[in-house]
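The sequence and the structure are shown first.

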Amino acid sequence: MTFSAEITARHEEGVLERILRVCRHRGFDWESLRARRDLGTVSIELSGSSERALDLLLRQLEKLDEVLSITPRPSLVDRRLPDASKKLAESLSG
Amino acid sequence: MIGADAIVRAIEDEGVELVFGYPGGAIMPLFDRLLEAKFKTILPRHEQGGALAADGYARATGRVGVCIATSGPGATNLVTGIANAYLDSVPMVCITGQVGQPLIGTDAFQEVDIFGLCFGIVKHSYIARRGEDLYAMVRRAFELARSGRPGPVLIDLPKDVSLQKVSELVFQAQAAGDPLAPRENLRAALALLKTAQRPVIYAGGGIGIADAVEEFRSFAHATRAPVVATLKGLGSMEADDPQFLGMLGMHGMKAANYAVHEADLLIAVGARFDDRATGKLLEFAPGAAVIHLDIDAAEMSKLRQANVSLCGSLTASLGALSVPLAIEPWLRRCQDWKAAYSWDYAAPGDAIYAPRLLQRCAQLSKKGRTIVTADVGQHQMWVAQHYPFDHPRDHLTSGGLGTMGFGLPAAIGAQFGEPEATVICVSGDGSIMMNIQELATLHRYQLPVKILLFDNQRLGMVRQWQEIFFEERYSATDLSDNPDFVLVARAFGVAAMRIESRDEEEAGLKFLLETEGPCLLHVRIDPSANVWPLVPPGVSNFHMMEG
């Protein structure tokens, strides 16, 4: 599953590291990243791939205090939440 | 006024009564100001002990725990405690000293990038850059720590920032109340409830964290559905409530696991489908629809697809779902399981049987509030199985991280937070060694913590797994060279006694519960004793091994 999203966040020290760490830790590999600071905010265009559903990533990113908004790019989104949840469950069941 | 004063004022304005702190070079300006603070500073003997004490304080009281350490090794020694709080959603504010800003990034003495190290184990974190920001930063840290799903917040404090002049203390509160679950979701949940024939309520640690115990019990009693609890959900129902089937999962009660396996509706309340609770995820509650109540949207359908998600205030959602259900045949079936699979405390031989001793200890300690902290291992599971809890805040156990060494410092924090309570730390010979230096803290502050130390001269839980899954190949689990724990305790100024056989149990428990100051009861148990039942890894909870 490929994904793409635009994230707007307050520019605070470490915000980009925090966002990328969440992506990595939750099983989302980035393939393209553009980040731009504009006064007190940072806009990040992020795309990549994962076996997991995009909602799993978006909800974790929404918990970050600096994150103001997240807009998935619909043309590249494959949410497949139920199947992806099942796939995760299968992998955990070993 | 300097930056350090601003921090002290912020902590005072949060109504904090005490912090756990260990000084050092980079944090000295703050420690200097702590001398005149309105709150007390408690000195542990290891920063990890301080962090875990702040954690235990927060779990027992519901207030934010605070720990302070210096830079470098002081900060890294907090890491396990911060991770422990993160995984169990415990509200904490952790302040670390840091080298002066011109030195940051130069590999200076006692410099580590604790801000970077902790990204994965904090709810949020800051590195302070201006003294003027400190007051608001600390106040905001408290807000974040306790709001929504609680967690630890780190503030890294460069030394020069703590010395900067500060002219004013300004803070704009941002906290809002918990959101309410959408009405259409509540309606959908009610529809599922009313048609369920075999509902089970799956109670997690979120109930206690949300202070929703009364609302949860009202909901459970209204529906009359059987209730199972996770390790941290224990106490959400009173232990002797007829609806309560016990803990589910890897070392859960058979009745609880069977009920979940046969359920057609699972109502998950403040629980997160952790692997210790679910066993093989694909075979967990295989025939059940799921209603999931939680404050954290990221938990919804993270591991198990929810038919209805109720993300928001637990107290509000539970009230809306409190409807009577006509499920008598199911109730009878669950009660039959509960009766058929109740615990058997008759153990052969003369050796002390830990589950029975715990049960007896609970009977004898029933006056006023008793808080039990557990370390990690077999004794932790025996406490969960056999010590009856009537409130989640009475059972402090490291669930998510499973931190050996948690028990004693957590007991210290709990005793400070609830000075009138009886606080019992149940530990093992492996775990107690991990923060044994905190016996000095018990003595220093004369905290009347009771330590019940089960000693099987093994890393018991690992030994059990090696017996069952590694063909009895015992690698690094022999602790038969333990020190004399009675002498060790007495060397720290803590009264101690040893018992080794059943006929000594009553005298030992009398010593434990009636000694006025801190005390330790060293209990020798059989090294081969195992925890049952056990669900092996990768197996459904339906298939429980029983020895």
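Two strands are taken to pair if DSSP finds at least two bridges between them. The model discussed here is predicted.

## Overall architecture

Chain B contains 23 helices and 18 strands. Its radius of gyration is 24 Å, close to the 24 Å that the globule rule gives for 547 residues, so chain B is as compact as a globular protein of that length. The C-alpha trace of chain B spans about 70 × 60 × 45 Å along its principal axes.

Of the 547 residues in chain B, 60% are buried. Among contacts in chain B with a separation of 6 or more, 75% join residues 24 or more positions apart. The accessible surface of chain B is about 20300 Å², and carbon and sulfur atoms contribute 52% of that area.

Strand S3 of chain B covers residues 65–69 and is mostly covered, with 5 of its 5 residues buried. In a regular strand, side chains alternate between the two faces of the sheet. In S3(B), B:Gly65, B:Cys67 and B:Ala69 point one way, while B:Val66 and B:Ile68 point the other way; all are buried.

S3(B) pairs in the parallel sense with strand S1 (residues 18–21) of chain B over 2 bridges. B:Ile68 in S3(B) is the bridge partner of B:Gly21. S3(B) also pairs in the parallel sense with strand S4 (residues 92–98) of chain B, here over 5 bridges. Within this pairing, B:Cys94 in S4(B) is the bridge partner of B:Cys67.

## The six-stranded sheet

Chain B also has an open sheet of 6 strands with parallel pairing, in the order S9-S8-S7-S10-S11-S12. Strand S9 (244–247) and strand S12 (308–311) of chain B stand at the edges with a single partner strand each, so one side of each is left without a neighbour in the sheet. On average, neighbouring strands of this sheet are turned by 15 degrees against each other, direction ignored.

Strands of a sheet pair through backbone hydrogen bonds, in either a parallel or an antiparallel sense. Strand S10 (residues 265–269) and strand S11 (residues 289–294) of chain B pair in the parallel sense over 5 bridges. B:Ile267 stands opposite B:Ile291 in S11(B).

## A helix across the sheet

Helix H15 of chain B, formed by residues 328–340, lies across strand S7 (199–203) and S9 of chain B. The helix runs at about 50 degrees to S9(B).

Terms used: Residues numbered from 1 in each chain as written. Chains lettered and ligands numbered in written order. Predicted model: local features only at pLDDT ≥ 70, side-chain atom pairs only at ≥ 80, totals over all residues. Heavy atoms only, no water. Helix = DSSP H or I, 4+ residues; strand = E, 2+ residues; numbered from the N terminus. Axes fitted to C-alpha atoms, helices over the stretch in contact; angles between N-to-C directions. Contact = heavy atoms within 4.5 Å. Buried < 20%, exposed > 50% of the residue type's maximum accessible area, 1.4 Å probe, protein only. Rg over C-alpha atoms; globule rule 2.2 N^0.38 Å. Areas by Shrake-Rupley, 256 points an atom, 1.4 Å probe, with all protein chains shown as cover.
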